[in-house]
Amino acid sequence: MTATLEHPRTVGTVLPVRIAGLGVGLPARIVTNDELAAELDTSDDWIRSRTGIAQRHVAAPHEATSDLAAAAGKAALADAGLGIEDVTTVLVATTSPDHRVPGTAPLVAAALGTEVSAFDVNAACSGFVTGLRVGGALAATGDGAVLVIGAETMTRIVDPEDRAVRVLFGDGAGAAVLVPDEHAHLGPFDLGSDGLDPSMLWCPDGGTRTPIAPTADGDPYLRMRGGDIYRHAVTRMVASSRAVLDTAGLGVDDVDLLVGHQANARILDAVVQRLGIDPDRSHVTVDVHANTSAASIPLALADARDRGRLKPGATVLLTAFGAGLTWASCLLTWDPEEDA
Ligand SMILES: CC(C)(COP(=O)(O)OP(=O)(O)OC[C@H]1O[C@@H](n2cnc3c(N)ncnc32)[C@H](O)[C@@H]1OP(=O)(O)O)[C@@H](O)C(=O)NCCC(=O)NCCS
């Protein structure tokens, strides 16, 4: 492995790793825009026209992030034809963990029946692609399979009365099994962060900066400056996508499928337009999943695969942006074993 660091945050490394299986964990309950409009001062028309969202899955009261993550992980292993004994690391990308302590990944590992290394990555909506970078590097050492799961229960951290945020988010999990494969390509990657103004998208209180005492007022809910986030999302995903394409020496016409973070259809449209990619090559699931943060890309990838949009050898561009701010993009060659 060698790194090309022409751009300080672009990792030129192309890892000899492939995605051997994908799986999803979606709560059974679907909530439509009309159902939200019965509780909030909003409408199906407002939500659809501003975001492209028509519905979202919402976790049942007994379900938390680790439950969705374990379901996705189990399905991904079955898809790969592997067992939990083949897995050396369980990595969970989440910004809505079951608990502040411990991490969610050990709970998922236990649910799957393993005591291997298990840890969380919190890069918000960029978490899954960041997890591919970390998990890919581990898988490339050849020890075995690495389970990378993006999992969120975002509906638990939004203020039920904040219409500007609540309508945007949904719950779910998506998982990928990474295995070493000398013929495979995972990368290059472009990852970055800008933590100068975290208040653009954050939960203000309840962490170590401003703990919430049991009796005190505080704001534990997800708050957002939507306009600022919109602008940064488009700018960062476009720049990050260009960075990985430039590093790989590829152009937009070489991309068979773009799977961007599913935050908002308008953001995805703007990214596609600025990159100059044929809109038909952008896979969109935000209409049915809403924004599931770190779960959005693996959910969309699995959906694309199930719809026959990932052909053997296809060049896939993943690009994500989220709270932090954080961003992460990478290229991968889709080449599942059964089609190789
Ligand atoms: C949130 C977002 C959809 C708002 O869209 P917009 O085009 O900026 O909205 P507009 O300017 O047309 O409308 C804003 C108005 O709608 C109102 N509004 C907000 N949410 C609403 C809702 N669910 N239903 C109806 N009205 C709503 C606001 O209160 C505001 O009203 P005001 O002008 O009286 O103050 C847009 O800014 C966005 O997509 N931001 C990025 C969000 C995101 O993807 N975050 C996650 C990134 S990982």
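Student: In which helix is the place of Ser66?

Tutor: Ser66 sits in helix 3, residues 65-80. Helices (H or I, at least four residues) and strands (E, at least two) are DSSP runs, numbered from the N terminus. The model is predicted, so local features need pLDDT of at least 70 and side-chain atom pairs pLDDT 80 or more, while totals for chains, interfaces and linings use all residues. Residues are numbered from 1 along each chain as its sequence is written, and side-chain values use heavy atoms, without hydrogens and water.

Student: Why is Ser66 called buried?

Tutor: Its relative accessible area is 10%. Buried means under 20%, exposed over 50% and partly exposed in between, with a 1.4 Å probe and protein chains only. Ser66 therefore counts as buried.

Student: What makes the pairing of Ser66 and Asp98 a polar contact?

Tutor: Their side chains are joined at 2.6 Å. A polar contact is a pair of N or O atoms within 3.5 Å; within protein, one must be able to donate a hydrogen and the other to accept it, and residues adjacent in sequence count only if both atoms are side-chain atoms.

Student: How do you know that Ile53 is buried?

Tutor: Ile53 has 0% relative accessibility, and therefore counts as buried. This residue lies in the loop between helix 2 and strand 4 (55-57). Its contacts (heavy atoms within 4.5 Å), not counting residues up to four places away in sequence, include Asn33, Val167 and Val286.

Student: Why are helix 7 and helix 8 called oblique to each other?

Tutor: Their axes come within 9 Å and cross at roughly 40°. Axes are lines fitted to C-alpha atoms, for helices over the stretch in contact, and angles run from 0 to 180 degrees between N-to-C directions. Under 35 degrees is roughly parallel, over 145 roughly antiparallel, 65 to 115 roughly perpendicular, and the rest oblique. The two helices are therefore oblique.

Student: Which residues of helix 8 are buried?

Tutor: In helix 8 (residues 265-275) they are Ala265, Ile267, Leu268, Ala270, Val271, Val272 and Leu275. These buried residues pack against helix 2 (44-51), helix 7 (226-248), strand 12 (257-260) and helix 9 (286-289).

Student: What is found at the start of helix 8, and what just after helix 8?

Tutor: At the start, a side-chain oxygen of Asn264 reaches to within 2.7 Å of the backbone nitrogen of Arg266. Just after helix 8, Gly276 takes a positive phi of about 80°.
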